[in-house]
Amino acid sequence: MFGSAKKQWGSKNNRRSDPSDLTELQVWITSPDSECDGYPSVTSDESYELTVNQPVAVLKAPTVWGALHGLETFSQLVSEDEYGAKSINATIINDFPRFQHRGILLDSSRHFLPIKVILSNLETMAMNKINVFHWHIVDEQSFPYLSRTFPQLSEQGAYHPYTHVYTPADVKMVIEFARLRGIRVVPEFDTPGHTQSWGKGQKDLLTPCYSGSKPSGSFGPVNPILNTTYDFMAKFFTEISTVFPDGYIHLGGDEVDFTCWKSNPDIQKFMEQQHFGEDYSKLESFYIQKLLDIVASTKKGYLVWQEVFDNAHEFDLSDKEMSNVTAAGYTTILSAPWYLDYISYGQDWQKYYKVEPLNFEGTDEQKKLVIGGEACLWGEYVDATNLTPRLWPRASAVAERLWSAKNVTDIDDAFNRLSLHRCRMVE
């Protein structure tokens with residue numbers, strides 16, 4: 001197995017037997033509230049117990065989500081020798097994840113990702129017990145999400161208004177395909193930066209940039225001083241909250257270039273009125289807070305990138321980021337060491353495998369706030385042709401780090417299992 005057994009008491013004996021000796025696999029859902037008809041959440045119980053003892057194997061789990069992981073482990077217990085004969089160990093496994101949030105970010109804006117590519121990778125995520133698909137669905141370059149409320153956003157902002165969009169039916173398919181594999185779909189709609197594609201279909205949403213005393217004809221981030229901006233955001237995120245059933249929406253908030261805001265005389269006047277001085281990070285915080293209030297009114301939780309915290313607390317990005325964020329009491333997800341768009345030659349999975357999410361200075365209470373991590377595959381140089389081989393099996397190393405116990409760190413053992421697991425995924 002790869003990335004599965006957090007607690008495993010080996011084989012009951014060393015006997016290996018033909019899987020045909022197994023007459024049945026019993027699956028027991030032991031909790032009356034198994035969430036079978038619902039969606040997985042950040043608080044879902046994903047534990048399971050698996051006993052393989054011919055002629056019967058028994059899988060017990062409090063919820064369907066744990067049962068799905070147990071079925072995945074069961075399938076990985078079956079091995080095949082050089083002659084094609086299959087065998088399985090008699091064994092007892094008591095398993096559960098170390099972290100609640102184990103995610104993969106895919107970017108469908110820089111390059112459009114066909115639905116079949118997304119579904120294929122959801123299938124592979126399930127093989128690795130990944131339970132969150134962080135869908136970075138729109139960005140600067142394109143707006144492929146087809147909004148029922150504002151269809152002009154994709155009509156004007158997508159690479160193509162018909163072939164390169166995700167229709168409501170497409171989105172519903174992705175969400176249901178993921179649900180059946182125990183995977184949450186958390187969408188990201190990043191503002192106020194990374195929004196050039198938004199402005200093509202929504203008039204007056206972006207800030208007009210100035211060259212001296214005259215408009216330059218170009219546009220910057222979302223205009224944070226207009227009431228119409230927040231009217232639009234309220235309607236848009238009301239729709240998003242109904243389309244995506246997960247309890248959280250990612251609001252981005254990263255990499256905001258203040259140059260355009262600084263050039264705009266109306267923005268300058270607003271800064272004076274608000275007593276922000278020359279600190280445009282305060283203007284960003286002003287916008288973000290209004291957006292958070294809008295999303296909170298839809299009964300959704302929200303996620304943001306670290307810059308939002310940095311700007312609000314006047315911290316610089318440093319090695320102490322995790323300490324700073326958790327010391328302030330925020331629930332935290334780690335992704336910085338796992339940007340898989342950065343590639344190198346050879347066995348670079350090892351550096352991802354060696355990352356320890358809780359390796360920072362902080363109290364036990366601070367470390368409890370770290371609920372997991374994500375491997376991110378940004379799409380500037382990734383499209384349907386190279387996404388899967390760039391993501392896997394490297395992301396499997398992240399998956400094991402987020403699932404397995406802290407002391408599971410043997411690189412040689414991991415290499416042997418990862419090699420087999422790669423073949424399993426390819427097959």
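This is a predicted model: local features need pLDDT of at least 70, side-chain atom pairs count only at pLDDT 80 or more; totals for chains, interfaces and linings use all residues.
**After H8.** I started at His275, which follows H8 and has a positive phi, near 60°.

**Start of H8.** Next I went to the other end. Asn264 caps the N-terminal end of H8, with a side-chain oxygen 2.9 Å from the backbone nitrogen of Asp266.

**Faces of H8.** Which residues of H8 (265–273) are buried? I found Ile267, Phe270 and Met271. Looking down the axis of H8, I get an arc of 105° for its buried residues, so they line one face of the helix. The face turned away from that buried side carries Lys269 and Glu272, both exposed. Then I checked what covers the buried residues of H8: the cover includes strand S10 (206–211), helix H7 (259–263) and helix H9 (280–297).

**His250.** I moved on to His250, in strand S12 (248–250). Buried or exposed? His250 has 5% relative accessibility, so I count this histidine as buried. Its side chain reaches the backbone oxygen of Leu303 at 3.5 Å. Leaving out residues up to four places away in sequence, I listed the contacts of His250 as His134, Val186, Pro187, Glu188, Phe189, Leu303, Val304 and Trp305.

**Cores.** Last, I looked at the largest nonpolar core, which has 77 residues; Phe236 and Phe237 touch the most other members. Helix H2 (115–127) gives this core its largest share, eight residues. Another core, of 13 residues, lies apart from the largest one and includes Leu59, Ala67, Phe74 and Leu77. Back at Phe236, I noted contacts beyond four places in sequence with Phe143, Tyr145, Ser147, Phe150, Leu153, Phe189 and Trp198.

Methods:
Residues are numbered from 1 along each chain as its sequence is written. Side-chain values use heavy atoms; hydrogens and water are left out. Helices (H or I, at least four residues) and strands (E, at least two) are DSSP runs, numbered from the N terminus. Buried means under 20% relative accessible area, exposed over 50%, partly exposed in between (1.4 Å probe, protein chains only). A polar contact is a pair of N or O atoms within 3.5 Å; within protein, one must be able to donate a hydrogen and the other to accept it, and residues adjacent in sequence count only if both atoms are side-chain atoms. Contact means heavy atoms within 4.5 Å. A nonpolar core is a set of buried Ala, Val, Leu, Ile, Met, Phe, Trp, Tyr and Cys residues joined through side-chain atoms within 4.5 Å. The arc is that of the directions from the helix axis to the C-beta atoms.
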